[in-house]
Amino acid sequence: MDGSNTGKSLARSYAIGVAALFLLLVTVSLGPYLGIQTRAQFREIEASWLNYSGDAGKKGVWISSIRGYLGYGGVIHDFKNYILRQDPFYLDQTRVQLEQFQAVIEDYLAAPIGPEERAALEVIGATVREYEVKLPIAVQAAQEGWDVARTDRLVRVDDTAAIEALGQLERLWQANRQKSTERIIQAVGEGERLIWVGFLSVVSLVVAALTLGVLFAVLLLDMRRAMHRLADELRVRRRLETSEVRLATAVEQSPATIFITDMDARILYANRRFEDITGWTRAEVEGKTPRFLQSGDTPPEVYREIRESLARGETWQGVFRNRRKDSGSYWAETTILPLIGPDGTVQNFIGIAEDITERRHARDQVVRAQKLEAVGLLAGGVAHDFNNILTTIVGAAHLAALDAPAGSAIAGEIEQIDIAARRAQSLVKELLTFARRQPGRPQPTNLTTLMLEVTRLMRASIPPTIALDCCDGVEPFIVMADPTHLHQILMNLCRNAAEAIGGASGTIRVSAHAVTEDLPEGLAPRPDGWVRLEVTDDGPGMSADTRRQLFDPFFTTKPLGKGSGLGLAVVSALVEEMGGGIALDSALGTGTTFAIFLPGAREAELESEAPPDEIPRGRERVMLIDDESEVAGTFRRMLLRLGYQVEAFTSSVVALERFSRRPRQYDLVITDVVMPGLSGEELAEAMRRLRPDVPIIFCTGYAPSGITLSGPAPDVLDKPVDPALLARRVRAMLDTRGA
């Protein structure tokens, strides 16, 4: 029985030994197998990671660049901006971006890619090449001034296929990245499965090979920890990569320019907005200091202050006028700050700037408006006194002309005095009109008569080398406009034309004709039609830059002291006030044509006036009041020459006292508006209380904002008063008494 038991024990031991040996052999065999499989998984992870962070990363950058060139601020965006605005800046941007786009496409095609990616790239490249092929058409359109709609039809490119191809590229890239990620995850999962197999094998072999099992267990536990660490690291890296992409996207798409420099102020990075605003590419500025942005407006002391602030670790803020690559400039509100590293030391500098050019322009407009307001106040202050002086000059010249022999030298000199006085009057009216102190009074006006009058005045004041041709037409052109303002417009345009021709020989042509089509933008057909008044000269013409600024206040191409810069600004303001339009056709070497579109009027509405050479006379009794003795004396002499009985006063108080004695003695009262003691309006009201029907004419140095007077409506004449106009208005007021 003992033998039996021993045999059984031996057999059992043998079996156990065989089993242990078998298990040991299996364990020994399983070790190399697990090692080989584990190494294969590590290689798979390495290959997947290289593919994930290598080619896919580069393709991501290329695809992002291609999207940028196809999107906002890219090739198509700048090309279309050039079509719409015809600004050479967008043309230069388009050409630069075409070169950059081609470089990206070539780099992408040089990389190992599949047929689908290559086909998508060829579609995108072909679309952009269509824009490049049609760029000369756009340039020709801008040079020849084609209509935008026509240009758009000729250069329109269907970029739908390119957008779809870009989407296909992005899907292929994302699929590739997803595939790489799945390979990594699969390899990690396979590794974890192998670990569990090895772990269970070791546990099952603990009894047979405790030492070997412990060693394998320790090894496998270490491998497991390593795999977990790798998995954790992959998750952290993915989160960091996502965060970096967001940060890079935010910096690239920032509306502010951003650049980073090293400690020697050499640029390491610049964002896309920096390229867009300055015109320099990143490749051009990398490694350079920001000195190339300096326009010369900022004093050296400011740059020294910046260096000292940054050396102390402080932030500096200020405004620069920076230079663009195309030699233009822009205003930038800039913040420069040091970037502090983990050890507390300054490692880099970053500059952040916002383009405030438009804001500066708006501020300049406010300053200009304040300056114009000051001009208006000045004009209003001097107009009264200046027009009183001109009234004396014009009146005295008229009286002298009545006694001068026709055709004599003295008559010619008197005419020159009259022309000079009228030009001074025009200058005052320009100031008052521009300052909106003198509103117009539209009425049906014979444009043909006014054209002849202006050309007669201009012929006496322009050089004999300039011919003045006035095409007055067969029938008169009647327009709805203020006659004085219309006279002012014509004088300004003719004078500018004469000054443009200068001392050379030339011709100024003044013409008018009715129009129903080809009206400027903003003008609609009207029942009484439109009249186109043209002033054309064959002078040197104007450049595009001059045409853009021509109607700006204070802009002038004349030497200092030769022009106020208000003439054409006043013309524009007056035409706008009349409800008309203005067009300009000019180029260097081809002369200039100003076209003024005026609202037409019916001839039946035209007020009948006495012929210019026929001055009405009378014998009625007139009271004249003006605080300026010279003006009162001039008016008195003119009216006496016309046969009227005149009593002149320089004191409104004395005049009212005299009028109150015998209100019915006077047939007409002519009074100034601005006077000490009693103003002209107060004096007129007092007289109307004594005699409600007394006719009153106001003569003023500048048009008042509004005169309200009880009884019959008064007449208002602007100083300096034309003697013939004064005679007609006096006669008209006297003839309408009691009507």
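How are H5 and H6 oriented to each other: roughly parallel, or roughly antiparallel? I find H5 and H6 roughly antiparallel (an angle over 145 degrees, against under 35 for roughly parallel).

Provenance comes next. I am working on a predicted model, where local features need pLDDT of at least 70, side-chain atom pairs count only at pLDDT 80 or more, and totals for chains, interfaces and linings use all residues. Numbering starts from 1 along each chain as its sequence is written, and side-chain values use heavy atoms, with hydrogens and water left out.

Entry: the helix pair. I looked up the axes of H5 (residues 115-144) and H6 (residues 148-155), which come within 9 Å and cross at roughly 170°. I noted the crossing as right-handed. On the H5 side, Lys134, Ile137, Ala138 and Ala141 make the contact (heavy atoms within 4.5 Å). Thr151, Leu154 and Val155 make it from H6. I sorted these residues into five nonpolar, one polar and one charged.

Entry: the chain. I logged 21 helices (DSSP H or I runs, at least four residues) and 17 strands (E runs, at least two). Of the 739 residues, 41% are buried. Among contacts between residues at least 6 apart in sequence, 68% join residues at least 24 apart.

Terms used
Axes are lines fitted to C-alpha atoms, for helices over the stretch in contact, and angles run from 0 to 180 degrees between N-to-C directions. Angles under 35 degrees count as roughly parallel, over 145 as roughly antiparallel, 65 to 115 as roughly perpendicular and the rest as oblique. A crossing is left-handed if the near helix is turned anticlockwise from the far one by less than a right angle, and right-handed if clockwise. Ala, Val, Leu, Ile, Met, Phe, Trp, Tyr, Cys and Pro count as nonpolar, Asp, Glu, Lys and Arg as charged, and the others, Gly among them, as polar. Buried means under 20% relative accessible area, exposed over 50%, partly exposed in between (1.4 Å probe, protein chains only).
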